[in-house]
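Student: Please give me a close look at how the inside of this model is packed, and at what surrounds it. I would like the cut-offs along the way.

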Amino acid sequence: MHRRLVVALLLGSTAGGAARLAADGPVEIHIGAKRFEFHPNKVAARLGQPIVLVLTTEDRLHGFKIPDLGIRADIVPGQQARVPLTPDKIGRFAFLCDVFCGDGHEDMEGVLVVEA
Ligand SMILES: [Cu+2]
């Protein structure tokens, strides 16, 4: 009797965990761009956890590039750029704007920190 109850509880918790995962989906990380910054300019992700970078601009066309991960996207006014990503290595990965947007463009940078 007691053992049967334990088995039922275990099954229940397993099913619940699977449902939560399916419902949650990837974690969205929102990053805004404007002359001449990204905000936030430091974002964190977990190794192996799927994320979607949701990029928007407040003024004009900007670019978004993470050279070490082979990622780039245009951030077009009035649109969301959605970049799915599952980090497969730990570290600090710099991102930057690669569309020249004026004096100060070189300061448009940030970092994605991937932790275990
Ligand atoms: Cu720029």
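**Inside the core**

Tutor: Leaving out residues up to four places away in sequence, Ile31 touches Phe38, Pro40, Val43, Leu53 and Leu55. Two residues count as in contact here if their C-beta atoms, placed from the backbone, lie within 7 Å. Before going further, please keep in mind that this is a predicted model: local features need pLDDT of at least 70, side-chain atom pairs count only at pLDDT 80 or more, and totals for chains, interfaces and linings use all residues. Residues are numbered from 1 along each chain as its sequence is written.

Ile31 belongs to the largest nonpolar core, a set of 13 residues in which Ile31, Ala33, Leu55 and Phe64 touch the most other members. By a nonpolar core I mean buried Ala, Val, Leu, Ile, Met, Phe, Trp, Tyr and Cys residues joined through C-beta atoms within 7 Å. A residue is buried if 20 or more other C-beta atoms lie within 10 Å of its own, exposed if 12 or fewer, and partly exposed in between, again with C-beta atoms placed from the backbone. Strands S1 (27-34), S4 (51-57) and S9 (109-115) each supply at least two residues of this core, and S4 gives the largest share, with 3 residues. In soluble globular proteins, nonpolar side chains tend to be buried together.

Now look at Ile75, in strand S6 (residues 71-75). Ile75 is buried because 23 other C-beta atoms lie within 10 Å. Neighbours within four places in sequence aside, its contacts are Ala33, Leu55, Thr56, Thr57, Leu61, His62, Gly63, Phe64 and Ala81. Ala33, Leu55 and Phe64 have come up already, as core residues that touch the most other members. Gly32 is 43 residues from Ile75 in sequence, yet their C-alpha atoms are 9.2 Å apart.

Next, the strands around these residues. Two strands pair if DSSP finds at least two bridges between them. An open sheet of 4 strands runs in the order S2-S1-S4-S7, with mixed pairing. S2 (37-39) and S7 (81-85) are its edges: each has a single partner strand, so one side of each is left without a neighbour in the sheet. S4 and S7 run antiparallel, joined by 5 bridges, and Ile51 has Leu85 in S7 as its bridge partner.

S9 is worth a look of its own. Its covered face holds Gly110, Leu112 and Val114, while Glu109, Val111, Val113 and Glu115 make up the uncovered one. S3 (residues 42-46) pairs with S9 in the parallel sense over 5 bridges, and there Ala45 is the bridge partner of Val114. S8 (residues 91-96) is antiparallel to S9, with 6 bridges between them; Arg92 stands opposite Val113.

Finally, the whole chain. Buried residues are 15% of the 116 in the protein. Of the contacts between residues at least 6 apart in sequence, 62% join residues at least 24 apart. The pLDDT, the predictor's confidence in each residue from 0 to 100, has a mean of 86, and 80% of the residues reach 70 or more.
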